[in-house]
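Open the structure in your viewer and keep the selection tool at hand. We will go from stop to stop, and each stop says what to pick.

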Amino acid sequence: MKTRILIVITIVIFSFISCKKFLVEKPYSFLTPTNFYKNAQDANAALNGVFSNMQAQAFYQRTVYVVSDNASDLIYAPAGSNTDRNALTSHTFTAVNGEITNWYVSNYKMIKNANDVIKYVPPISMDAASKADIVGNACFLRALGYFNLVTAFGQVPLILAPVSATDANLYPKKASLEAIYSQIITDLQYAEANCLAEKNIPAANKGRVSSGAASALLAKVYLTRAQSTAAVATDSQDALTECNKVIGDAGSYGLLPNYADIFSSDNKYNKEVVFAVRFGATPNVGNITLRMFYPSILGGYGSFLVQNNFFTNGFPAGSRDVRQTYSVSNQVVDSKGVHAVAPFIYKFRDSQWKKDNNSRTDWFVLRLAEVYLLQSEAMNNINSADPNKFNGLNTIRARAGLTLLTDQLNFTNTPTSDAFVDTLLNERARELCGEGQRRWDLLRLGKLKPAMAAVGVTVDDNHLLFPIPQSEQDVNPNL
Amino acid sequence: MKKKILHNKVFSAPHYRKFLLMFNWTFVLSFLFCLEVSANSYSQNVKVSLDLKDVTLKKAIYLLEQKGKTRFLYSEQLLPQNTKITLSAKDEPLLGILNKILENTGLDYQVSDAGLVMIALKGSVIKNITVKGTVIDDKGQPLPGVSIKVLGTSAGTVTSASGEYQISVPEGATLVFSYIGFLSQSVEVGTKTQIDVTLKIDEASQKLNEVVVVGYGTQRKGDLTGSIASISGKDLDKTPVLGADQMLQGRVSGLQFTQSDGQPGSPTSVRIRGTNSINSGNEPLYVVDGFAGVGNLSSINPSDIQSIEVLKDASATAIYGSRGANGVVLITTKKGKAGQDAISIDAYTGVQTMAKKLGLMNASQFAQYLDDYFTQANAANPNTAVALPYTQAQVTGLGTGTDWQKALYRVAPVQNYQLSFNGGTQKARYYLSFNHFDQDGIMLNTGFRRELVRLNLDRNIGDKIKMGFSSQLSYSKQAVDPTITGVGYGSAGVALSMSPIVPLRDTTGAYTFQNGPLPYVGTYGNPVAAVVDANDNIANSRALINVFGEYEFIKGFKFKSSFGIDYGNAIEKSYLPSTIYIGQATGGAAYSSTSTSYSWLNENTLSFSKEFNNIHAIDAVVGFSLQQFKTSAYSAGAQNFFTDNLGTDNLAIGANILTPLSNTYQNSIASYFGRLNYRLMGKYLFTFTMRADGSSRFGLTNKWGYFPSGAVAWRASEEKFIKNIQQISDLKIRASYGVTGNQEIGSYQSLSQYAINGYTLGTNMSRVVGVSPNNIANPSLGWESTASFDVSADLGLFHNRISITVDYYHKTTTNLLLNVSIPQSSGFSSILLNAGKVANQGFEFSLTSRNIEAKNFNWTSTLNFSTNSNKVLDMNGTNNILVGSTGPYIVTNGLAPSILRVGQPIGSFYGYHFDGVWQTQEQITAAGRTGVVPGDAIIRDLDGNGIINGNDREIIGHAAPKFIFSINNTFSYKNFDLTIFAQGVEGNKILNVTKYAHTGGTTANEFTSMLSAWHGPGTSNTVPRVFSSTERSVGVVDNYLENGSYLRIQTVSLAYKIPVPQTSRVFKSASIFVTVQNLYTFTKYTGYNPEVNTYGAQNLNAGTQNLNPGSQNLNIGADINSYPPSRTFLLGVKAGF
């Protein structure tokens, strides 16, 4: 009897093997802080993670132009096709607009990833210059996020470190415009100082932030701040300085002689690109932009059309301006002949596109032509009587084929500063249409209302800035 | 008369009472026990004291029987009526007193060989005669092992396997036939030599003696303290169901069953006593033959199920600790029975038809609609005006066009074949079954097929060791709608959306490629071409094996150890050919994935069972268990195929190889548990349980949880004062309190995780791997615990012809595993915390009544009724959380349709009120509104500020029903059995998102309700003008929220038992049946099916491995393009050999 009891007790005790080890969770398919941020490779992967987010449809694949060009006088979504997009064009959008929410959330996701890199990469023991480059890249992307937010929404929360479960920053208040711009500039200055010049970025890393990209974005930030309530007296001068740095770096950047070459997916990351969101064919994430812009006869969805006003009146030089025929079109040619279609943005091309959601088209955030235009804008701000302010504009016009003497802008055909601003905006529209710039240009230069009036849309003061998304207001009482 | 009195006495005598309560398998023991008692009590030498004063002879004999604790055999007619007896005896031998009593009566007594005291006329000789006969039950089946006793003696016999007996008894004796679970019957032998007896089932004792499976053991129903509903295989046999989980529908009060849609094999959802949890799983724990954590019931064969027990209150579920909070469903499969080998064949076949079609516009109506729409659109946007799609002549000439619902759905066959073998000896028993089930879906090219083998073996080794083996191998294949790429998308929706103007086939006879005319309508592919030419199959293989050994090392102490594994493999293959619309963009797309899951369970228990002095009974078990789950999955895909011939079977020929994915997850649970049942005097019952669970899923500082429970029950009907109330045959009052847990949050939730993503870098556009933070870690993440209180009563009336169970419960779930929405300025949308509180309380009522019990006609009714009210008490200090999404149809941002609000139930719809249609501009101006025109919907301006925005939303309805009910009626007349089963819910709302898609806009065909759209002042106050987008752009509006109450005639089944001659050597039994399922639904709901929960599948996934578990848990009561339900007609046969 005793032995029997002993046997059973032994079995029972034997089965009480160490539970502690049994209950430890073993991660198989993901990284945790215990196995990450250990070396240079980890730092690089983390930086790639900041970039990665930009490839989302809700960010630089689609939302970028839904909230900008589509919310301007350039393009629109056909009536009834999509309530959110239509509301942006007609300026009847509300805080529940999904595209506005996308823009808000996507930028903050990028900022979150950048904050992680900026906090956790510095303690890694690795080559100091590479480390500073990586942190500089993250600083640039964080600045880009906040610049996107401040131009679209005005005052927003300023989060500069990873947020923990117990952090007060989980429920932040809005920061002042001054603080937001100041942080953007600080980050860009770090990036400018620590990122590589474009010419020094290895071929395999094309797409990383260059010091020139930081300069170009700084120029734009200064010019934007210059027109805001947070303006600082030196803003335009600082902008000009930054533009000159970029234009002066001929080793890194140059205007392509042929406008069409900029946009071909067979000529990616060419010398005109200052910073672009990269896309590629499978196994990379492709870009849905072609699908959205192209009419169905070319395999697209025709989700966005060019406003008739811009198509008809936007290119007064007609077909002499190569951008008219190349960038927008109301006809397509296929094997069966020429078909008339509603005008659409045609400038992005991919010879290998398979009429699916994925083209290889990169999305330009900054390209050199724009820096020339920013240079002109800065000069006009500093001294509207400066005749050099026409140089940048004329350089871009000449490249587009407007080479006649009468095509050149000067004080005769553009006498006032206000006329200059209108001309500049028109030129920006021709050069950069479909590149997600228009709304911000019109806002920065105070011309959104008249521009929209020309396409029959009345814009009230409540619709100059986007509202903070309703979902965000619902969960954060501090906003 | 005599017979009756004697019978009653026998029945109420203490040892007989005892006898009746014994288990079947202890029959022999109890028989011996009875013999012993009789032999002791019956003695001719027993001394009796008796005082009789002028009593009748009958009374005198009766009193002597009482005092002497013995029985005499006599015929009442023999006793002289007028004889009065007076005598006084003190400690005299019984037989001496009998002698005195019988003096001068002309009577005498004899003592038979068996010790029977027989009173007879003086001089007569009582002969022994041999009586033979057969004992059968009321179904005509022979009963082996029936005890036959000669009344008043220890003599007796038992029936053989064929129910026959033979016994030698004195003439005039009375035989008592008794058998566990049957009413005893006494028969006066007289001079008969052949006595055949039909024993009737004793509903009262059978019910109390029914053995109910509880966690880690079994209990007699009469001894239960917890709230457990038991469904026996016999009930389940009556009507065929297609899946094991469907057996639960309407059978248990407090249990709500919903199928997410009508697709064969589609997931089902079960809620026991409401929704406890906001973000973790709410499904009960499924335990099959002791193996806990068996998720998928679709691979369990309904015909193999012996019984299902649903454990509802904490007393019953706390033994499952951390997994008990949502209730536990115990499934016991059939085991071999000792005795003759039996073979049975069940087969049925049938057809399914579409139960309901939705009313859509025909071609002519839709063309007119498009013209109307674009006329209004052009007026509103003259800058972007378009030409109207049709001329008036075209409109009228189009006719009815294509009925896409008719084209996509079919009459689909279903069939099921089951062959089983059952038998064995007392030492070794077996059950072996084969099943083939094949159900086509009513949507073309969809269906579910299952092949299954089950083998269960039990073996006794000596008296002390038992071992058992249960196993199941199954293979099932589900063909699903291949176009589904997300909830609410798929062919069911496309069929409703396609323009009726587009023909099914073009002039060449090929399927029309896509919807038209573009760009006036939405771009969809032909749904018929999609389901016919594309395919998506999921093949599931599963092995469920459990072995145990039990050793009784000291009498009353048993050690049991079991080891089980559940191995599953799922392979999904889908192919979209380039020739159809959805495959064109990719040039053909193939996708293949494999998921392998493996879980093992080791359990060791020590149990002790003993009764002391008939007063105390203890039944205790303690144990230890370890369980681990591991899942590995990978998937691969390719696009751009130059040929569609090979489909998924050669991904390498695709020009675009998609990034392959793989992942592995593991979680473990370690547990200690114990239970003590204590029964005092057979009427006071106590249960205490305790479980300690450690789960890998929780934070480092919070791995272990402790779950105690206690319960008391009082069998009031055992008390004298209630026993005297004849009408009450059973009354038990129970109360329990306990704490159970919930760990269904998915693995790795407490850890900080980095997600893997990619980016494109370099002149060659290389893909580089990126890593970014994916959540906010919570190292103190712990259990969600539910404290529940239950008080209930079981009442049996009129010999249990009516039995009633009522329960009241109150549950409070605290430390909710709550996905708290946080401002997205953090870069995250939510964090998982232990925060918040939810309460559920409810009332359950179930009644079974045998209304009519006649010779040839029986009518039994069962009614279940339950209410549950749910309330969110706290959410980490937040009063409101918006939850759920509505898919693409309302607003593209998927604005949350529901709200979690403190003080309100989970599943509260949140939105705007529809107040009619603006009729005139003057009306709009007077109301001070802008941005609307006559014909637009009037959205109620709750805050009265003239602007419609988020502040104008409020709770507009609830997804949870006020009550659920079911009624089952069974009629039997001779060999016919008719079952009518109806069930329903009352008082819930359904968000009909499908209706959003088909009332307004031009992307989809329209419901015929749009024919009465507003087209001028006074034309409609319910349907806005066709161009109005007010409702869909604003969010959820209450005119899309419909009453979801329904009453469904779920099953009507008529069976005929073919009389099989007793002499048949082949057939033992045979019956045929016809069944109609989903015969008719009474409802006001306008969609396909009020029993719908489009996001139900996601609800089930809560607790698996997704990183945002339970996010859809709250998406209750939405109907988005669901696969429609079918009506099924079945014809079947059952035969036993």
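Across all chains of this predicted model, a search of the whole structure finds 64 aromatic pairs.

**Stop 1: a pair across two chains**

Select A:F30 and B:Y748. Their rings form an edge-to-face pair.

Now colour by chain. A:F30 sits in the chain A loop between α2 (19-22) and α3 (40-52). B:Y748 sits in the chain B loop between β35 (728-742) and β36 (754-761), so this pair joins two chains.

Are these two residues buried or exposed? A:F30 has a relative accessible area of 10%, so A:F30 is buried. B:Y748 is buried as well, at 1% relative accessibility.

**Stop 2: a pair within chain A**

Next, select A:F51 and A:F275. This aromatic pair is tilted. Look for 6.4 Å from centre to centre and 40° between the planes.

Which parts of the chain does the pair link? A:F51 belongs to helix α3 of chain A. A:F275 belongs to strand β2 (residues 273-277) of chain A.

Show the surface here. A:F51 is buried, because its relative accessible area is 0%. A:F275 is buried too, with a relative accessible area of 0%.

**Stop 3: a cluster of rings**

Stay in chain A. Select A:Y65, A:Y259, A:F263, A:F293, A:F304, A:Y326, A:F348, A:W363 and A:F364. Ring pairs link these residues into a cluster.

**Stop 4: a nonpolar patch**

Move to chain B and keep the surface on. Select B:Y737, B:F789, B:V791, B:Y808 and B:F843. They form a nonpolar patch on the surface. Together they have about 430 Å² of accessible area.

Pick out B:F843. Its place is strand β42 (residues 837-853) of chain B. With a relative accessible area of 35%, B:F843 is partly exposed. That value lies between the limits for buried, under 20%, and exposed, over 50%.

**Stop 5: a positive patch**

Last, select B:K139, B:K234, B:K337 and B:K1057. What kind of charge gathers in this patch on the surface? The charge is positive.

Zoom in on B:K139. This lysine lies in the chain B loop between β6 (128-137) and β7 (147-150). Its relative accessibility is 60%, so B:K139 counts as exposed.

Technical notes: Residues numbered from 1 in each chain as written. Chains lettered and ligands numbered in written order. Predicted model: local features only at pLDDT ≥ 70, side-chain atom pairs only at ≥ 80, totals over all residues. Heavy atoms only, no water. Patch = residues over 30% accessible without salt bridge, like charges linked within 9 Å, V, L, I, M, F, W, Y side chains within 5 Å. Areas by Shrake-Rupley, 256 points an atom, 1.4 Å probe, with all protein chains shown as cover. Salt bridge = Lys/Arg side-chain N within 4 Å of Asp/Glu carboxyl O. Lys, Arg positive; Asp, Glu negative; His and termini not counted. Charge placed at Lys NZ, Arg CZ, Asp CG, Glu CD. Helix = DSSP H or I, 4+ residues; strand = E, 2+ residues; numbered from the N terminus. Buried < 20%, exposed > 50% of the residue type's maximum accessible area, 1.4 Å probe, protein only. Phe/Tyr/Trp six-rings, centres within 6.5 Å; stacked < 30°, edge-to-face > 60°.
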